[in-house]
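Could you walk me through this model in the viewer, one selection at a time? I would like to know what to click on next and what is there.

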Amino acid sequence: MSSDLVRMSFTIDKGLMRRMERLLRGGRHGNRSEFIRDLIRARLVEEEWKADEEAVGTITLVYNHEVRQLADKLTSLQHEHHHDVLATTHVHLDRHICAEMIMVKGRPRIIEEMTEQLRQQKGVLHAAVSMGSTGKRLT
Ligand code: NI
């Protein structure tokens with residue numbers, strides 16, 4: 001065991017233990033240690049967002065590009081937030097509907113504000129933000 005690792009033990013209800021084992025058999029987390037580490041990191045990312053610490057995120061938009069001036073408005077809003085926007089990917093889903101993934105880095109309050117502004121535009125069918133982290137406080 002590396003000197004940076006510590007071993008810890010804890011008690012847990014049998015029922016909860018069985019549920020955890022079932023999740024582990026689902027195969028996404030590897031072993032129990034990985035599972036606990038993943039849970040802790042997911043919680044830390046939530047805390048970073050609550051504390052409004054610099055974060056990384058992706059805003060996903062689905063919209064109808066035929067709505068008048070919508071594409072221009074969405075582009076203008078992203079330019080207003082050019083300090084926070086890292087990259088944008090646009091996908092034409094069908095003849096009418098577009099998806100746009102906007103990768104952002106900045107204060108969560110600003111990212112959420114930007115998501116709300118984008119969501120409010122007429123023709124936007126869905127706007128969601130996924131919380132990510134700069135990774136600086138996850139080790
Ligand atoms: Ni398109």
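Predicted model: local features only at pLDDT ≥ 70, side-chain atom pairs only at ≥ 80, totals over all residues.

**Stop 1: the nickel ion**

Three residues coordinate the nickel ion: His90 through NE2, His92 through ND1 and Cys98 through SG, at 2.0 to 2.4 Å. Read along the chain, these donors have the spacing H-x1-H-x5-C. Which is buried and which is exposed, His92 or Cys98? His92 is exposed, since its relative accessible area is 62% and exposed means over 50%. Cys98 is buried, because its 3% relative accessibility falls under the 20% limit.

**Stop 2: the strands around the site**

Return to a cartoon view and select residues 85-92 and 97-106. These are strands E2 and E3, which pair in the antiparallel sense over seven bridges. The two strands form a hairpin, with four residues between them.

**Stop 3: salt bridges along helix H2**

Next, select helix H2, residues 32-50. The structure holds 10 salt bridges, and one of them joins the side chains of Glu47 and Lys50, at 3.6 Å from N to O. Why is about one helical turn the separation of Glu47 and Lys50? Because they are three residues apart in helix H2. Glu47 is partly exposed at 32% relative accessibility, whereas Lys50 is exposed at 62%.

**Stop 4: salt bridges between distant parts of the chain**

Stay on H2 and select Glu48 together with Arg137. Their side chains meet in a salt bridge, 3.7 Å from N to O. This pair links distant parts of the chain: Glu48 is in helix H2 and Arg137 is in the segment after strand E4 (124-131), 89 residues apart. With the surface on, Glu48 turns out to be buried, with a relative accessible area of 3%, while Arg137 is partly exposed at 37%.

Then select Glu54 and Lys136. They form a salt bridge whose closest N and O atoms are 3.6 Å apart. This pair too links distant parts of the chain, 82 residues apart: Glu54 is in the loop between H2 and strand E1 (55-64), and Lys136 is in the segment after E4. Glu54 is partly exposed, with a relative accessible area of 34%, and Lys136 is exposed, at 59%.

**Stop 5: two threonines**

Select Thr115, which is in helix H4 (residues 108-119). Is Thr115 buried or exposed? Thr115 is buried, with a relative accessible area of 2%. Show what surrounds it: leaving aside neighbours within four places in sequence, Thr115 is in contact with Ile59, Ala127, Ala128 and Val129.

For the other threonine, select Thr75 in helix H3 (residues 70-80). Thr75 is partly exposed, with a relative accessible area of 40%. To finish, draw a C-alpha to C-alpha distance from Thr75 to Arg28: the two are 37 Å apart in space and 47 residues apart in sequence.

Notes. Residues numbered from 1 in each chain as written. Heavy atoms only, no water. Buried < 20%, exposed > 50% of the residue type's maximum accessible area, 1.4 Å probe, protein only. Contact = heavy atoms within 4.5 Å. Donors = N, O, S within 2.8 Å, 3.2 Å for Na, K, Ca; no water. Pairing = 2+ DSSP bridges. Salt bridge = Lys/Arg side-chain N within 4 Å of Asp/Glu carboxyl O.
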